[in-house]
Amino acid sequence: MGLTAAVLAVDAGNSKTDVAVVAPDGTVLATTRGGGFRPPADGLDKAMEALSRTVEEALSAAGAPTAPRTRP
């Protein structure tokens, strides 16, 4: 049986990014903290890369599958 998360919560701010994976019953399965999300200062590609890493870390810690990264 695989993990089914009800919510992936992301609070991406200038100085830090917090991500939480929450089960359908409200139990927090995992949280991670990454660097700030600053597309205007860092560029969109770099900002999205950092955000993706933080999300993948949270999903992995919760035992949830992650999707492979693809670029057009």
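Two strands count as paired if DSSP finds at least two bridges between them. In this predicted model, strand β1 (residues 7-12) and β2 meet that condition, pairing in the antiparallel sense over six bridges. Within this pairing, alanine 9 stands opposite alanine 20 in β2. The two strands form a hairpin, with three residues between them.

β2 also pairs with strand β3 (residues 28-35). These two strands run antiparallel and are joined by seven bridges. Here valine 21 stands opposite alanine 30 in β3. β2 and β3 form a hairpin as well, with five residues between them. In that turn, glycine 26 has a positive phi of about 95°.

How enclosed is β2 by the rest of the structure? Five of its seven residues are buried, so the strand is largely enclosed.

In soluble globular proteins, nonpolar side chains tend to be buried together. The largest nonpolar core in this model has nine residues: Val19, Val21, Ala30, Leu51, Val55, Ala58, Leu59, Ala62 and Ala64. β2 (16-22) and α2 (44-62) each supply at least two residues of this core. The largest share, five residues, comes from α2.

The charged side chains are the last topic. How many salt bridges are there? The count comes to three.

One of the salt bridges joins the side chains of aspartate 18 and arginine 33, at 2.6 Å from N to O. This pair links distant parts of the chain, since aspartate 18 lies in strand β2 and arginine 33 in strand β3, 15 residues apart. Aspartate 18 has a relative accessible area of 22% and is therefore partly exposed, whereas arginine 33, at 54% relative accessibility, counts as exposed.

Another salt bridge is formed by aspartate 42 and arginine 38, whose closest N and O atoms are 3.3 Å apart. Aspartate 42 is partly exposed, with a relative accessible area of 29%. Arginine 38 counts as partly exposed at 31% relative accessibility.

Arginine 53 and glutamate 49 also form a salt bridge, with 3.7 Å between the closest N and O atoms. Because these residues are four apart in helix α2, about one helical turn separates them. Arginine 53 is partly exposed at 42% relative accessibility, and glutamate 49 is partly exposed with a relative accessible area of 34%.

Key. Residues numbered from 1 in each chain as written. Predicted model: local features only at pLDDT ≥ 70, side-chain atom pairs only at ≥ 80, totals over all residues. Heavy atoms only, no water. Core = buried A, V, L, I, M, F, W, Y, C linked by side-chain atoms within 4.5 Å. Buried < 20%, exposed > 50% of the residue type's maximum accessible area, 1.4 Å probe, protein only. Salt bridge = Lys/Arg side-chain N within 4 Å of Asp/Glu carboxyl O.
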